[in-house]
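The sequence and structure are shown first.

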Amino acid sequence: MFRLWSSSRYTFPLPEGHRFPVAKYALLRERIVADGIVAEADIGEPHRATTDELLLVHTADYVDRFTAGMLTADELRRLGLTWSPQLVERSHRAVGGTIDAARWALDHGIAMNLAGGTHHAFADRGEGFCVFNDVAVAIRVLQRERRIARAVVIDLDVHQGNGTHAIFAGDPTAYTFSMHGGRNFPFHKVPGSCDVELDDGTADHEYLDTLATFLPRVLAAADADLAIYLAGADPHEGDRLGRLRLTFDGLARRDAMVIGACREIGLPVAITIAGGYGRDIMDTVQVHATTARIAASWR
């Protein structure tokens, strides 16, 4: 059984012309239902991640100051978002959606959060549109509940998951794999368990061949109880920030490869959508909706 979680109704204000595509979340939910990928009833309301859950990863100082709107100008500049009470609520719900999806995946094999993948958030700060690290929090919550011992993070957003790598540095219970643009943000990379850097302009054939080489090695080395897959749309050729040249078909094949490899060995997989900044927002929505369609085929 396949289920999704959406926090799209928890939107937040941004300055006019801001490049963060907050509208994509509502458009994606609408597209998934309109295309019949799942029924509206199969899209859950994420719980509000508790402070206790966030503190499994993040420092109390950061959580408290962000919640109270007390981040410095430099911290907000690094985050790239304007603080508001709505952003606080949204950030808690996005984390909750990944926890909920991960729990469901353990019981049913696969699930998806129509948000999340905020992999630039560090324990003590936000960065690159990422407030809290939902993936890390979900893993820590499930480890605390003794539902998993080990997890693997398969991060195929075009940008390296530097925050996730830093949070799990030296931790043998979390294997972090990131395949990303080598010359893209973040410009200071943090080593993970396995990093693969791609040249600008990498297209379908080379990308998929590289993934096919590394993915089996990652799954074998991770020996995990749960995979969390960051299915970023930003490797798409129409993305403003991606610098790669994957087509819609190439990204669909990527998703099928990752999800299939996990499910064929009985590994539960929770999916987050991560980044996507298409020149046409509907291109981004199409990539994410295709990920959901492929995931739903494994229900």
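## Phenylalanine pair

Phenylalanine 185 is partly exposed, with a relative accessible area of 28%, whereas phenylalanine 187 is exposed at 65%. Buried denotes under 20% relative accessible area, exposed over 50%, and partly exposed in between (1.4 Å probe, protein chains only).

This is a predicted model: local features need pLDDT of at least 70, side-chain atom pairs count only at pLDDT 80 or more, and totals for chains, interfaces and linings use all residues. Residues are numbered from 1 along each chain as its sequence is written, and side-chain values use heavy atoms, leaving out hydrogens and water.

## Aromatic pairs

The count comes to 9 aromatic pairs (rings of Phe, Tyr and Trp, the last by its six-membered ring, with centres within 6.5 Å; planes under 30 degrees apart are stacked, over 60 edge-to-face, the rest tilted). One of them joins tyrosine 62 and phenylalanine 132, edge-to-face at 6.0 Å centre to centre and 75° between the planes. Both tyrosine 62 and phenylalanine 132 are buried. The planes of phenylalanine 185 and phenylalanine 187 lie at 90° with ring centres 6.1 Å apart, so this pair is edge-to-face.

Phe12, Phe20, Tyr25, Phe129 and Tyr277 make up one aromatic cluster.

## Charges over rings

Arginine 3 lies over the face of tryptophan 5, at 5.5 Å from the ring centre; arginine 217 is placed over the face of phenylalanine 214, at 5.1 Å. The criterion is NZ of Lys or CZ of Arg within 6 Å of the ring centre and within 35 degrees of the ring normal.
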